[in-house]
Amino acid sequence: MNKSKVTVIGAGNVGATCAQICAERELANEVVLLDIKEGVAEGKSLDLWQTAPVNYYDSRVVGVTNDYSRTANSDVVVITSGLPRKPGMSRDDLISVNAGIVKSVTESVIKHSPNAIIIVVSNPLDVMTYCAYLTAKVDASRVIGMAGVLDTARFRAFLAEALDCNPKDIQALLLGGHGDTMVPLPRYTTVSGIPVTQLIDSEKLNAIIERTKNGGGELVKLMGTSAWYAPGSSAAQMVESIVKNQKRIFPCCVRLNGEYGVKNAFVGVPVKLGNKGVEQIIEIDLNATERNDFNNSVKAVTDVMGVLDGMKLF
Ligand SMILES: NC(=O)c1ccc[n+]([C@@H]2O[C@H](COP(=O)([O-])OP(=O)(O)OC[C@H]3O[C@@H](n4cnc5c(N)ncnc54)[C@H](O)[C@@H]3O)[C@@H](O)[C@H]2O)c1
């Protein structure tokens with residue numbers, strides 16, 4: 001499926017960054033950027049297309065204002081439309097506005113690209129993935145939320161700094177919802193195969209885990225809005241694994257249907273991503289503490305899923 005068509009909905013900070021990386025890495029023949037604000041997607045796409053001769057890529061970048069016919073037959077659609085957090089807000093505070101946006105956008109996406117694989121980025125992430133799934137009415141393997149790639153990237157970046165080592169050598173895993181209850185897993189974190197617990201004392205490691213959990217909030221405080229470089233890159237990495245059928249294993253938000261003893265909840269677990277979308281959900285062994293933390297995170301997510309159910313949009 002390499003050299004396919006990728007659409008990014010929402011030409012804001014995250015969407016434009018994701019489109020830029022998809023184009024620069026030539027993940028698609030055509031990258032379509034769509035926004036509701038007149039001219040914004042057209043302008044950013046034109047600007048991006050003018051980097052093609054400089055940055056040596058030939059993915060065509062096209063921008064449109066709400067014209068879904070231009071997104072037709074996309075292989076992958078990344079949904080980033082919606083409000084970002086402002087200082088003092090939790091991701092869950094965004095649900096009332098973003099649920100309406102994600103629902104209407106997904107309806108239009110699936111109408112024009114009935115076979116697309118959908119990657120959701122809008123927050124609150126796990127519940128917006130649920131919202132897109134309810135709207136799209138497609139197999140759950142085709143609706144995937146981006147959170148774990150970003151959260152592990154933050155964890156890995158902090159570890160690389162603390163250990164003065166190369167971030168490329170760090171592999172990490174994390175489970176649960178995209179919020180304060182996320183569960184970074186030091187037992188499944190290695191530096192070139194060496195368990196990280198052998199390289200750093202537990203006090204420093206715990207401080208890094210706490211910083212990871214609040215990694216989004218740290219950036220909101222600094223910038224007055226939420227992050228985009230790492231989120232846009234993380235979504236593009238998922239696109240890459242799908243369009244190139246790389247079958248990479250990433251923590252992603254997917255619908256659990258009995259895996260990990262959980263039914264009909266959208267939470268982060270390790271999955272294999274290929275051109276069918278989620279090709280495998282991998283169940284790893286958890287000790288009592290990890291299991292308990294995971295269950296707490298599932299509970300936090302299902303509570304917010306209940307808020308969406310209560311909005312009676314479906
Ligand atoms: N999953 C994650 O890890 C993660 C990380 C960062 C940000 N986010 C979330 O991603 C979303 C986007 O963040 P951002 O920083 O790019 O925000 P932004 O405000 O820069 O961009 C959002 C864009 O969506 C557009 N939009 C709004 N309604 C639309 C609609 N109906 N159709 C098409 N476009 C529409 C807006 O015009 C705007 O350009 C937010 O909800 C944010 O919380 C998620």
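1. Let's start with the ligand's surroundings. The shell around the ligand is made up of 13 nonpolar residues, eleven polar ones and two charged ones. Keep in mind as you read that this is a predicted model.

2. Which residues come nearest to the ligand? Out of the 26 residues around the ligand, they are Val14, Asp35, Leu83, Val121 and Met146.

3. Now for some polar atoms. A backbone N or O atom of Val14 sits 2.8 Å from an oxygen atom of the ligand. For Val121, a polar backbone atom is 3.0 Å from a nitrogen atom of the ligand. With Asn98 the side chain takes part: one of its N or O atoms is 3.4 Å from an oxygen atom of the ligand. As for the surface of the ligand, it exposes 870 Å² when taken alone, and the protein buries 90% of that.

4. Where does the ligand sit? It takes up the space of the largest pocket. Two elements give two or more residues each to the shell around the ligand: helix H1, residues 13-24, and helix H4, residues 95-112. H4 gives the most, with three residues.

5. Next, have a look at Ser45, which you'll find in helix H2, covering residues 40-49. Is Ser45 buried or exposed? Its relative accessibility is 1%, so Ser45 counts as buried; the cut-off for that is under 20%. Ser45 and Val109 are 64 residues apart along the chain, and their C-alpha atoms are separated by 19 Å.

6. Glu30 belongs to strand S2, residues 28-35. Glu30 counts as buried too, because its relative accessibility is 17%, and the limit is 20%. Its side chain has a partner: a polar contact of 3.0 Å joins the side chains of Glu30 and Arg70.

7. Last one: Ser69. You'll find Ser69 in the loop that runs between strand S3 (60-65) and strand S4 (76-79).

Conventions:
Residues numbered from 1 in each chain as written. Predicted model: local features only at pLDDT ≥ 70, side-chain atom pairs only at ≥ 80, totals over all residues. Heavy atoms only, no water. Helix = DSSP H or I, 4+ residues; strand = E, 2+ residues; numbered from the N terminus. Near = heavy atom within 4 Å. Polar contact = N/O pair within 3.5 Å; in protein donor to acceptor, adjacent residues only side chain to side chain. Areas by Shrake-Rupley, 256 points an atom, 1.4 Å probe, with all protein chains shown as cover. 1 Å grid on protein atoms, 1.4 Å probe; cavity = no way out; pocket = protein on both sides within 12 Å on 5 of 7 lines; lining within 4 Å. Sits in = over half its atoms within 2 Å of the grid points. Nonpolar A, V, L, I, M, F, W, Y, C, P; charged D, E, K, R; others polar. Buried < 20%, exposed > 50% of the residue type's maximum accessible area, 1.4 Å probe, protein only.
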